[in-house]
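Student: I'd like to learn how to read a few features of a model. Can we go through them one by one?

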Amino acid sequence: MAAVILQASGLSRAFGGLQAVDGVDFELQAGEIHALIGPNGAGKTTFVSLLSGRIKPDAGVIRLGGSDITALPAHARVRAGIAYTFQITSIYPRLSVFDNVALAVRGGDLAASVMAALRRVGLAERADQVAGNLSYGHQRLLEVAMGLALSPRVLILDEPTQGLAAGEIAGFVALIRSLVPQTTVLLIEHNMEVVMGLADRITVLNFGRVLARGTTAEIRANPAVQAAYLGGDDAVA
Amino acid sequence: MSVTGKIWALHLGVLVMLAVAQAVLPAYHANNLARIMVLAVFAMGYNIAFGYTGLLSLGHALFFGFGMYGMGLAVWQVEWTFFPAVVLGLLAGGASAAAVGMLALRTAGVSFMIVTLMFAQAGYLTVLYFNQYTGGDQGFAVEAFARQVFGYDLAQDTPRAVAAFVLFAVALVLNLVLVRSRFGRVMAAMRENEERSRMLGYDVFHVKLRVMVISGLYAGAAGAAFGVLFGYVGANFATVQYSILPMLYVLMGGAGVVLGPLLGAVVMFYLIDIASGLTSAHLLVVGVALVVLVLFAPRGLLGMVRERWLPWLP
Ligand SMILES: Nc1ncnc2c1ncn2[C@@H]1O[C@H](COP(=O)(O)OP(=O)(O)OP(=O)(O)O)[C@@H](O)[C@H]1O
Ligand SMILES: [Mg+2]
């Protein structure tokens with residue numbers, strides 16, 4: 001079995017009286033594509049925010065490649081190799097597309113690294129445009145390019161296909177597949193076609209707890225998952 | 001011409017024009033220009049923090065004052081000569097900005113404005129309180145021996161103009177290099193989207209602290225130079241008015257434009273100069289000018305130029 005690259009145990013976080021993440025144990029295998037699914041408000045974004053350090057846990061331990069990173073601030077975790085792309089697009093709208101990605105590149109040949117990342121998401125021709133003038137879908141792709149330019153060990157994508165056209169989704173799926181096994185991908189995704197097509201394993205969150213985990217086939221067959229989630233408004237394709 | 005070529009041609013051209021202006025202008029205006037150039041260095045430091053990095057400080061008078069008093073007290077109390085005294089002023093500006101930044105940068109937005117304002121006010125009151133060492137609100141003259149550089153006397157117009165120009169030229173070139181560097185891009189990233197920057201691996205506090213120190217060094221250099229060139233150190237230079245002044249220059253000339261502080265300083269200086277010749281209510285004229293600016297060129301004069309005609313203006 002592959003090594004565990006990122007591990008959480010007993011991770012919890014409450015907002016006021018609301019237990020958004022409730023004692024989650026989680027393991028990410030090096031080189032896999034792991035999907036995190038669950039209904040709206042299940043705690044997915046909160047959970048990955050704990051992993052990336054954007055918010056602090058109330059309890060629990062996070063390990064990256066075996067070392068405890070629970071106390072590391074977010075920027076240090078990014079440097080240690082955990083990249084996060086926001087669910088709500090977060091770019092530098094007044095800077096050029098090139099500068100957006102350049103800010104993610106550390107060391108080496110800046111221009112070459114930027115253009116390589118832009119080429120992978122198909123935005124190379126738009127390098128000189130002001131990022132805020134891109135279409136919504138292109139802004140999402142720009143964010144993915146920024147994530148790639150960080151050359152992370154773990155790439156966390158929070159609903160990356162939201163707002164992409166059907167044609168763009170196919171390209172996106174191919175892109176993600178090309179990242180592994182060098183990069184490990186943790187993908188939050190509502191589009192079940194994308195999840196089933198990409199994921200090696202799936203974790204289902206509901207009310208801040210792990211409802212189920214397993215391979216794609218196991219999750220598909222799990223009656224609890226079907227009841228809580230797949231039977232809902234995000235029906236499985 | 002490449003963009004880099006255009007940028008350097010423009011900025012070196014401005015420096016040449018300033019040198020020529022210093023040489024040909026009548027003494028009154030040449031002297032004004034020396035003052036404007038030193039104050040523009042102060043405003044350039046403010047622009048680095050506010051215009052480029054988005055740090056809206058209301059306490060820059062403290063750093064300017066530290067520069068001025070660092071230089072002045074070294075001359076008065078321990079009889080240091082020009083170079084060590086001015087370098088001490090420069091470093092005092094940077095160190096005071098580091099100290100204020102360590103505390104104030106734990107806040108943001110309005111709190112940051114208030115905390116920096118409080119520190120500057122505390123600095124001003126400290127000068128008054130220790131009046132036996134600082135001269136209090138009377139201030140003190142910078143003695144003649146400290147105003148000698150390479151055998152020239154800074155009390156005379158030409159050496160003073162040259163010294164002001166050299167300071168300005170060095171500050172301008174360094175400012176240009178800074179904002180076009182990789183770190184300059186990171187500064188803009190802080191201003192544009194702090195959370196995104198954190199999640200690209202930047203230590204936001206650390207970056208801002210470095211910017212504060214750079215900004216403080218500019219303010220300190222300007223404060224020391226102002227004292228030594230014009231021969232006087234006084235508490236009025238540490239009042240809140242001197243925190244607002246660089247902000248007005250930057251807003252007028254264009255925040256986040258290297259030449260903005262210079263243009264803003266020239267315009268505001270002469271606006272006040274002309275208005276106070278016409279009416280005792282010259283601050284009213286300044287107010288009206290600012291309202292007009294906000295209505296017609298909210299990004300300042302050069303901000304508007306960049307928006308309409310010169311998108312490459314750094
Ligand atoms: N900063 C916050 N303050 C208060 N409540 C919050 C905060 N962030 C999230 N929550 C609440 O925590 C719960 C989990 O939210 P979270 O964003 O993690 O869900 P999610 O699974 O990502 O949902 P979605 O699929 O809609 O993105 C929700 O009830 C949400 O309202
Ligand atoms: Mg979410």
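Tutor: Let's start with polar contacts: a polar contact is a pair of N or O atoms within 3.5 Å; within protein, one must be able to donate a hydrogen and the other to accept it, and residues adjacent in sequence count only if both atoms are side-chain atoms. Here, a polar backbone atom of Ala42(A) is 3.2 Å from an oxygen atom of ligand 1. Gly43(A) also has a polar backbone atom 2.9 Å from an oxygen atom of ligand 1, and for Gly41(A) a backbone N or O atom lies 2.9 Å from a ligand 1 oxygen.

Student: Before we go on, what am I looking at, and how do the names work?

Tutor: It's a predicted model, where local features need pLDDT of at least 70, side-chain atom pairs count only at pLDDT 80 or more, and totals for chains, interfaces and linings use all residues. Residues are numbered from 1 along each chain as its sequence is written, chains are lettered from A and ligands numbered from 1 in the order in which they are written, and side-chain values use heavy atoms, leaving out hydrogens and water.

Student: How many residues surround ligand 1, and which are the closest?

Tutor: A residue is near a molecule if one of its heavy atoms lies within 4 Å of it. Ligand 1 is surrounded by 14 residues, and the closest are Gly41(A), Lys44(A), Thr45(A), Thr46(A) and Gln87(A).

Student: Now helices. At what angle do α7(B) and α8(B) cross?

Tutor: Helices are DSSP runs (H or I, at least four residues; strands are E, at least two), numbered from the N terminus. Axes are lines fitted to C-alpha atoms, for helices over the stretch in contact, and angles run from 0 to 180 degrees between N-to-C directions. Helix α7 (residues 157-180) and helix α8 (residues 182-192) of chain B cross at roughly 70°, their axes coming within 4 Å. That makes α7(B) roughly perpendicular to α8(B) (65 to 115 degrees; under 35 is roughly parallel, over 145 roughly antiparallel, the rest oblique).

Student: Which residues of α7(B) and α8(B) make the contact?

Tutor: Contact means heavy atoms within 4.5 Å. Leu178(B), Val179(B) and Arg180(B) of α7(B) touch Arg182(B), Phe183(B), Gly184(B), Arg185(B) and Met187(B) of α8(B).

Student: And how do α3(B) and α10(B) pack?

Tutor: Helix α3 (residues 60-78) and helix α10 (residues 204-230) of chain B have axes 7 Å apart, at an angle of about 50°. That makes α3(B) oblique to α10(B).

Student: What about the backbone?

Tutor: Most residues other than glycine have a negative phi, and most peptide bonds are trans. Ser151(A) has a positive phi, near 45°, and sits in the loop between α5 (136-149) and β7 (154-158) of chain A. Val180(A) and Pro181(A) are joined by a cis peptide bond, with omega about 5°. Pro181(A) is in the loop between α6 (166-179) and β8 (184-188) of chain A.
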